[in-house]
Amino acid sequence: MDHASPQEVALQQLAAVPGVVGSLIFDAAGKVQASAFPAVFDSWGLAQLAAQLAADAFFQEWMAGDQGLLTLRFVDGQVALRSLGGAYALVFAGAQANEQLLSMSLAQLARRLQARPPPPVSPPPSAAAEGIPVLTPVRPPAAVQPASLPARPAAPPAAAPASPGPVGRLEDLAREELGERAEQALRILAAAGPRTKDQLRAISEVEKLVRLFISKRKAEELARRMRAVLEE
Amino acid sequence: MQGIAYALAGLAIVVTGASVVLAARLRRGIVGGEVGQRWGLLTALLALFFLGCLLSPLGLWLQVPAEWLHLLLFAVLLLGALFIFAAIGIIRDALGFLKLTR
């Protein structure tokens, strides 16, 4: 776990969003960089899907830029795709998943990953030995030609990281502390206004929620950390 | 007259027993926090209440002295009062959190 890549950590946090079944990140060449799907999902099939999407001209056009978002709704589920500037995040969620919460979580994931230096396209050989899932399509489509892809905005350099806003950091803290029970706290934080006063009030509400229904100790710790974020 | 008393005791045993089962099931679903603690107290009180309901008709049947029966009766009443107190606390907290109080 200590050796998990930033992408994997981000996907694990995404998995805490209620309704999310699995997620993966693939690069412009269609190569899966990180995956957090349950074992029942065929990794080869997922890699194929990533390769086909990356090779699709319509997909590339639609997802161009850093803000590209595509949501596909089905009877029993939904797939959300988000551009990460040179890579894409794909999330598969149940039909009951909150679309807005999913979209916000994807935006947060994009901010977090784009604030880091772009990962190497090919992970080192030791990564697989350390247990990091590295999925590679067995038969990548011939149409995939990363060098000829239209110019795509590169991830911002590490020297000027795009720091997520305070609400995003508060949401991260809530997910980190509460895991799958973070849904209500995330709703409270998302509904908070942009002013510090509103956010402090939201923190108090989250503290009360956690103290009443989850754990008094965790409530104190979470509120302390959240207030520290606002004080920074 | 005693038949009615036994019937009421039987009914109380059934209802309280069902309540104990429901409370214990819900206790497993509650994560924790203050509501979780209070619900644990409620479940324990319900279990004692159930025991009292079981012992009351038994005491009548075994012709336990009246003073002991009175003691049992008032103990059960006290448990009921504590139960209501704890339940009101949970309801007040939940309503307060949901901002449904005036």
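Read along the sequence, chain B follows the pattern α-α-α. It has three helices and zero strands. This is a predicted model. Chain A, in contrast, holds an open sheet of five strands. The two chains also touch, with 10 residues from chain A and seven residues from chain B in the contact.

**Chain B: overall make-up**

- Of the 102 residues of chain B, 10% count as buried.
- Take the contacts in chain B between residues at least 6 apart in sequence: 69% of them join residues at least 24 apart.

**Chain B: helix α1**

- Helix α1 of chain B covers residues 2–29, which makes 28 residues.
- At 1.5 Å a residue, α1(B) should span 40 Å. Its end C-alpha atoms are 41 Å apart, which agrees.
- Is α1(B) covered or in the open? The number of its residues that are buried is zero, so α1(B) lies largely in the open.
- An α-helix has 3.6 residues a turn, so residues three or four places apart point the same way.

**Chain B: Leu51 in helix α2**

- Leu51(B) sits in helix α2, residues 33–61 of chain B.
- Leu51(B) has 16 other C-beta atoms within 10 Å, so it is partly exposed. A buried residue would need 20 or more, and an exposed one 12 or fewer.
- Leu51(B) and Gly17(B) are 34 residues apart in sequence. In space, their C-alpha atoms are 9.3 Å apart.

**Chain B: two residues with positive phi**

- Most residues other than glycine have a negative phi.
- Gln63(B) is not a glycine, yet its phi is positive, about 55 degrees. Gln63(B) lies in the loop between α2 and α3 of chain B.
- Gln63(B) counts as exposed because it has 8 C-beta neighbours inside 10 Å.
- Lys99(B) is another residue other than glycine with a positive phi, near 55 degrees. Its place is in the segment after α3 of chain B.
- Lys99(B) has 7 C-beta neighbours inside 10 Å, so it counts as exposed.

**Chain A: the sheet**

- In what order do the five strands of the open sheet stand? The order is β2-β1-β5-β4-β3, and the pairing is antiparallel.
- Strands β2 and β3 of chain A stand at the edges. Each has a single partner strand, so one side of each is left without a neighbour in the sheet.
- The twist averages 10 degrees from one strand to the next.
- Helix α2 of chain A packs on the sheet and touches β1 and β2 of chain A. Its direction makes about 130 degrees with that of β2(A).
- In a regular strand the side chains alternate between the two faces of the sheet.

**Chain A: strand pairs**

- Strand β1 (residues 20–27) and β2 of chain A pair in the antiparallel sense over four bridges. In this pair, Ile25(A) has Ala34(A) of β2(A) as its bridge partner.
- β1(A) and β2(A) form a hairpin, with four residues between them. Gly30(A), in the turn, has a positive phi of about 85 degrees.
- Strand β2(A) covers residues 32–36 and is mostly covered, with five of its five residues buried.
- Thr71(A) stands opposite Ala80(A) in β4(A).

**Chain A: nonpolar cores**

- The largest nonpolar core has 36 residues. Among the members that touch the most others are Leu24(A), Phe26(A), Ala50(A) and Tyr88(A).
- The elements giving two or more residues to this core are α1, β1, β2, α2, β5 and α4 of chain A. The largest share, seven residues, comes from β5(A).
- Which residues does Ala50(A) contact, leaving aside its neighbours within four places in sequence? They are Leu24(A), Phe26(A), Gly30(A) and Val32(A).

**Where the chains touch**

- The contact takes 10 residues from chain A and seven residues from chain B.
- Helix α8 of chain A, residues 196–213, gives the most to the side of chain A that touches chain B, with six residues.
- The residues on that side of chain A divide into five nonpolar, one polar and four charged.

Definitions and conventions
Residues numbered from 1 in each chain as written. Chains lettered and ligands numbered in written order. Predicted model: local features only at pLDDT ≥ 70, side-chain atom pairs only at ≥ 80, totals over all residues. Pairing = 2+ DSSP bridges. Expected span 1.5 Å × (residues − 1). Nonpolar A, V, L, I, M, F, W, Y, C, P; charged D, E, K, R; others polar. Core = buried A, V, L, I, M, F, W, Y, C linked by C-beta atoms within 7 Å. Axes fitted to C-alpha atoms, helices over the stretch in contact; angles between N-to-C directions.
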